[in-house]
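Reader: Please guide me through the structure shown here, one question at a time.

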Amino acid sequence: MITGELKNKIDSLWEIFWTGGLTNPLDVIEQMTYLMFIHDLDATDQQHQKEAMMLGLDRKSMFDGTVSINDREINKQDLKWSRLGDMEPRQMYETMANAVFPFIKGLDENGDSAYSTYMQDAIFKIPTPLMLDKIVTAMNGIYELMAEDKSADTRGDVYEYLLSKIATAGVNGQFRTPRHIIKMMVELMDPKPDDMICDPAAGTSGFLVEAAEYLKQNKKEDVLFDPENRKHYMNDMFTGFDMDRTMLRIGAMNMMTHGIKHPNIEYRDSLTDQNPDRNKYSLILANPPFKGSLDYDSVSDDLLDTAKTKKTELLFLELFLKMLKKGGRTACIVPDGVLFGSSKAHKAIRKDLVENNKLQAVISMPSGVFKPYAGVSTAVLVFNKTGYGGTDKVWFYDMKNDGFSLDDKRSKIEANDIPDIVERFRNLDKETERKRTDQSFLVDKEEIVKNDYDLSNNKYKEIEYEKVEYEPTSVILGKINDLQKEIEAGLKELEEMLNEQRLGNE
């Protein structure tokens, strides 16, 4: 949680961008990400040099020697972040735009830094030398404060705070799944040290970051102190795909600031043949985009096996099943229409989940969860890939509150069903006695089949109606007549007062 002086410095840095003419939050985050890459490239190189000296190893710095950029030989030492502060604004700007950016974009992907992978098509958009000088000074101040805080994952918190600015602005439809909803889904899935985790629509990598943090906090010894598990955690465990290159950079940076050294964040259209991953992952966490429909020609052929559809919300569900290993599990967000849609494709996908795999839970969320950007009702589906069935009873939960008001302001409130959802999901054996009038309950598979695989909570929930007794009609009419007489008397008294006042004025 970012507070106090550090929060003020970040807000001031944001203000520098805003007043300098960069008003799209995505542009601001992207430019900050570039500069953080450049800073971290220098910092990582210095750290490696120190470690090599301590171990008595001969290690060459990536900033040793010269590099040819635009037919000029440039000393690599002049391209380090730590040198920028010593330059005049114009020299700094010239160096950044015409030397540092080309240098980083040309770095060998298999070299010393994973950062170069995400800088290949970077565009420098900061408009003036004075603005760049202010930004570099402000960022150095932020890094100094971050270095003083040894108590927590400050780098990750700083980047999360920057990303919250996207959610605040909601520009171009780009906004994140609320952090507390992501956290709930990760807790429901309880990631394991040997999991292979994927988000095929990763965006800012919020699900992957939260899964990484969950493992560090809850299974630290198994994950970080076991050499094989640690190697897996740092290199192979997390994979994310996205079609937006800006989001790729932001998502990769988000992972790296949370300690994942080599995140597998790739440019890929998950629904097409660009994505060959099948039977590979043990856990998928996702809130895929529901942008409408696609052409059949652009969709991977095997995703149309169950149902021929152009609707992305259905195609992604089929994709998750294809990408999961046998026994793999998924928690994903879907629009409510997936639960009760009457088309052949809707029914076929739901049937596939219930009959051929193990559908565990349907958690309906209130429509205000994604406000102020969207008012659509959504649900979390939890299921396991089995390939042979396994659905016995499906757990339904009707979330009424998520800890925030359900209006556009989304103010924090006390009412919050999320802790109850996590606790009950982890103890489903205790749910067997729950009634259909309760907030959560179990439904037999046979009943779901009889209802055409409808998965909407309202289909199975029973509503208790309280009997209300009203007074006889004659009594109510008598009271209305009495009120009418009082109104007429009052009007008459008011009229007399106005007449008296008029006579007095005359």
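Reader: What is the relative accessibility of Glu-266?

Author: This is a predicted model, in which local features need pLDDT of at least 70 and side-chain atom pairs count only at pLDDT 80 or more, while totals for chains, interfaces and linings use all residues. Residues are numbered from 1 along each chain as its sequence is written, and side-chain values use heavy atoms, without hydrogens and water. Buried means under 20% relative accessible area, exposed over 50%, and partly exposed in between (1.4 Å probe, protein chains only). Glu-266 counts as partly exposed because its relative accessibility is 33%.

Reader: Which residue forms a salt bridge with Glu-266 at 2.6 Å?

Author: A salt bridge is a side-chain nitrogen of Lys or Arg within 4 Å of a carboxyl oxygen of Asp or Glu. Glu-266 belongs to a salt-bridge network that includes Asp-277 and Lys-280. With closest N and O atoms 2.6 Å apart, the partner of Glu-266 is Arg-268.

Reader: How many residues apart in sequence are the parts tied together by Asp-190 and Lys-219?

Author: The side chains of Asp-190 and Lys-219 form a salt bridge, 2.9 Å from N to O. Asp-190 is partly exposed at 24% relative accessibility, whereas Lys-219 is buried at 16%. Because the two residues lie in separate loops, the pair ties together parts whose separation in sequence, in residues, is 29.

Reader: How many salt bridges does a search of the whole structure find?

Author: One further example joins Glu-210 and Arg-179, with closest N and O atoms 2.7 Å apart. Over the whole structure, the number of salt bridges found is 25.

Terms used:
Helix = DSSP H or I, 4+ residues; strand = E, 2+ residues; numbered from the N terminus.
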